[in-house]
Every structure is written in C-alpha cells, then in structure tokens.
Amino acid sequence: MPSPPSSPSIVGEQEVGVEALMERMKRLSEKSESYQITQEELSKRFETVETQSAELAAAPQRSSSVLDSDIGHFIEDPTFIYQDFAKRGQLSDIPTFRVQDYSWDDHGYSLVNRLYNDVGNLLDDKFKTAYNLTYYTMGTHSKVDTSRFRRAIWNYIQCMFGIRHDDYDYNEVNQLLERSLKTFIKSAVCYPERVTKRDYDRVMREFKHSEKVHVNLMILEARMQAELLYALRAVMRYMT
C-alpha cells in the first residue's frame with residue numbers, strides 16, 4: 001500500500017541548518033540578558049504564535065481503509081478531532097490558560113499526589129526526563145546548550161492547547177522553530193494518526209535520529225501535561 005502524501009507545508013521546505021540555528025540561540029541568549037519586555041508585549045507575542053499555528057496546514061487526512069486496518073478500532077468517534085484555539089486572522093478572544101494561575105509544579109503535581117499517592121512523583125519524573133534529556137549535541141556539533149531550543153518546542157506544543165507560560169517570550173518560537181518543524185509538531189500533536197515516515201524524514205534533516213526521537217518524546221509528554229492541567233484544574237474547582 002503506498003504511503004499517504006506528506007503535508008504540503010513540509011514538502012520542499014528549505015531548512016536553515018544547525019549552524020544557523022545555533023547562531024540564533026546565541027544571539028537570543030545575549031539579547032535576553034539586557035532586554036526587558038513588558039507583559040503586554042509578551043501576551044501579544046503569544047497570541048501571534050497561537051494565530052500562526054492555526055494557519056498551518058497539518059498533514060492530510062488518511063484514508064478510512066488505512067484507519068480501519070491501523071488504529072480504527074481505537075477510535076469511537078472519528079469526527080471528534082482537534083480544533084484550533086485561535087481563529088484564523090484574529091488576535092482577539094483567544095482562550096488562554098495561564099500557567100501563572102495554575103501550573104503543574106505549583107498545583108497539579110500536589111493534587112495528583114493527594115488523589116493517588118506517589119503518582120504525581122512518577123508523572124513529574126516523566127515530564128522532567130523528557131524535557132531535560134540532552135546529549136549536548138545538535139547534529140554533528142557537540143557541547144551545545146540545547147535548553148533554549150527544547151523550551152521553544154515544549155512551550156510551542158502547549159501553546160496549541162491555549163497554554164501560556166507568562167515569563168516566556170514566544171518570539172523565540174518563531175526564531176528557533178522553522179515552519180516545516182512547526183507543521184510537523186502540529187501534525188504529531190493534534191493529528192498523530194496522519195503522520196508518516198516521510199513527514200519524519202523531511203524535518204530536522206541535519207539532526208541525529210536520537211535528537212528527532214527526543215522531539216517526539218517531548219510531543220508526547222508536553223501534550224499529556226497540557227491535558228492534565230485542564231483536567232486537574234476542573235477537579236480542583238469542583239473540590240473547592
């Protein structure tokens with residue numbers, strides 16, 4: 001059976017390369033040490049990235065025969081799918097979940113442990129392992145601090161669920177994540193059943209497979225944490 005077509009936004013996308021990405025990270029690190037941004041501007045930058053995410057074309061829908069033979073028996077309602085939090089072309093009225101008001105570290109972690117002893121510890125270890133994992137490499141380059149790149153990926157994933165980290169400059173997402181990578185992340189986060197091996201091969205071409213797998217691990221864990229935050233906030237409101 002032939003593979004489904006790749007996302008049109010991924011095909012033919014020219015990547016800038018690892019060296020250019022490392023140079024951008026260096027400039028952002030130097031800039032952040034001497035540059036203060038107002039909360040209003042940070043909020044606008046979050047809304048811009050949120051809206052841009054809504055404009056990305058995710059991987060195309062796979063045929064029903066592929067779903068039936070592959071994962072169809074796990075799906076009860078095929079029409080129940082992800083909906084963009086931002087409306088295309090609009091920067092207002094975007095539903096926003098502010099981590100400052102309810103976060104995993106300050107609220108969710110303790111509530112899970114309260115409801116189910118030690119499960120909060122297990123989940124916290126899982127999230128931190130996925131977020132902090134690094135070999136300090138980028139492709140063939142070694143001794144690289146990848147924390148800024150990893151944070152951009154993690155926060156971009158949660159941005160697609162309307163979650164805003166108040167102290168983060170979302171302009172870094174556009175500086176560090178190319179359109180092709182953002183399209184792949186959106187497809188894997190929101191429509192994982194549509195992602196193909198071809199999509200995987202067309203992004204992060206200069207990175208090692210272990211580094212690309214790490215991005216996919218962050219996709220799994222950042223999405224799970226985002227979903228838990230909504231669920232646990234609802235439980236907390238019910239309990240109080």
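Colleague: In what order do the elements of the protein chain run from the N terminus on?

Modeller: The order is α-α-α-β-α-α-β-β-α-β-α-α-α-α. That gives 10 helices and 4 strands. Keep in mind that this is a predicted model.

Colleague: How much of the protein chain is buried?

Modeller: Of its 240 residues, 44% are buried. For contacts with a separation of 6 or more, 77% join residues 24 or more positions apart.

Colleague: Why is Phe97 called buried?

Modeller: The cut-off is under 20% relative accessible area. Phe97 has 1%, so Phe97 counts as buried. Tyr102 has 2%, so Tyr102 is buried as well.

Colleague: What makes Phe97 and Tyr102 an aromatic pair?

Modeller: Ring centres must lie within 6.5 Å. Those of Phe97 and Tyr102 are 6.4 Å apart. The pair therefore qualifies.

Colleague: And why is the pair of Phe97 and Tyr102 called edge-to-face?

Modeller: Edge-to-face needs planes over 60 degrees apart. Here the angle is 80°, so the name applies.

Colleague: How do you know that Tyr168 and Tyr170 are edge-to-face?

Modeller: Run the test again. Their centres are 4.9 Å apart, against a limit of 6.5 Å. Their planes are 85° apart, against a limit of 60 degrees. So Tyr168 and Tyr170 form an edge-to-face pair. Both residues are buried.

Colleague: How many aromatic pairs does a search of the whole structure find?

Modeller: The search finds 11. There is also an aromatic cluster made of Phe85, Phe97, Tyr102 and Tyr230.

Colleague: What makes you say that Arg194 sits over the ring of Tyr191?

Modeller: The distance limit to the ring centre is 6 Å. The charged end of Arg194 is 4.1 Å from the centre of the Tyr191 ring. Lys212 lies over the face of Tyr200, with 4.2 Å to the ring centre.

Colleague: What does the pair of Arg45 and Asp169 tie together?

Modeller: Arg45 lies in helix α2, residues 39-55. Asp169 lies in the loop between β4 and α7. The pair therefore ties together parts that are 124 residues apart in sequence.

Colleague: Are these two partners buried or exposed?

Modeller: Arg45 has 17% relative accessibility and counts as buried. Asp169 has 15% and counts as buried too. The cut-off is under 20%.

Colleague: How do you know that Glu172 forms a salt bridge with Arg148?

Modeller: Their closest N and O atoms are 2.6 Å apart. The limit is 4 Å, so the pair passes. Glu172 is in helix α7 and Arg148 in helix α6, 24 residues apart. Glu172 has a relative accessible area of 8%, so Glu172 is buried.

Colleague: Which salt bridge does Asp166 form?

Modeller: Asp166 pairs with Arg164, and the closest N and O atoms are 4.0 Å apart. Asp166 is buried at 7% relative accessible area. Arg164 is buried at 6%. Arg98, Asp101, Arg164 and Asp166 are linked in a network of salt bridges. The whole structure holds 14 salt bridges.

Colleague: Where is Arg164 found, and what does its side chain join?

Modeller: Arg164 is in strand β4. A polar contact of 3.3 Å joins the side chains of Arg164 and Gln39. The limit for such a contact is 3.5 Å. Leaving aside neighbours within four places in sequence, Arg164 is also in contact with other residues, including Leu42, Phe46, Phe97 and Tyr170.

Colleague: Which residues touch the most other members of the largest nonpolar core?

Modeller: They are Phe149, Leu177 and Ile185, in a core of 53 residues. Several helices each supply at least two residues, among them α1, α2, α4 and α5. The largest share, 8 residues, comes from α10.

Colleague: What does Leu177 touch, not counting residues up to four places away in sequence?

Modeller: Among its contacts are Phe149, Ile153, Tyr156 and Ile185. Glu172 and Lys182 are also included.

Conventions: Residues are numbered from 1 along each chain as its sequence is written. This is a predicted model: local features need pLDDT of at least 70, side-chain atom pairs count only at pLDDT 80 or more; totals for chains, interfaces and linings use all residues. Side-chain values use heavy atoms; hydrogens and water are left out. Rings of Phe, Tyr and Trp (its six-membered ring) pair if their centres lie within 6.5 Å; planes under 30 degrees apart count as stacked, over 60 as edge-to-face and the rest as tilted. Buried means under 20% relative accessible area, exposed over 50%, partly exposed in between (1.4 Å probe, protein chains only). A charge sits over a ring if NZ of Lys or CZ of Arg is within 6 Å of the ring centre and within 35 degrees of the ring normal. A salt bridge is a side-chain nitrogen of Lys or Arg within 4 Å of a carboxyl oxygen of Asp or Glu. A nonpolar core is a set of buried Ala, Val, Leu, Ile, Met, Phe, Trp, Tyr and Cys residues joined through side-chain atoms within 4.5 Å. Contact means heavy atoms within 4.5 Å. A polar contact is a pair of N or O atoms within 3.5 Å; within protein, one must be able to donate a hydrogen and the other to accept it, and residues adjacent in sequence count only if both atoms are side-chain atoms.
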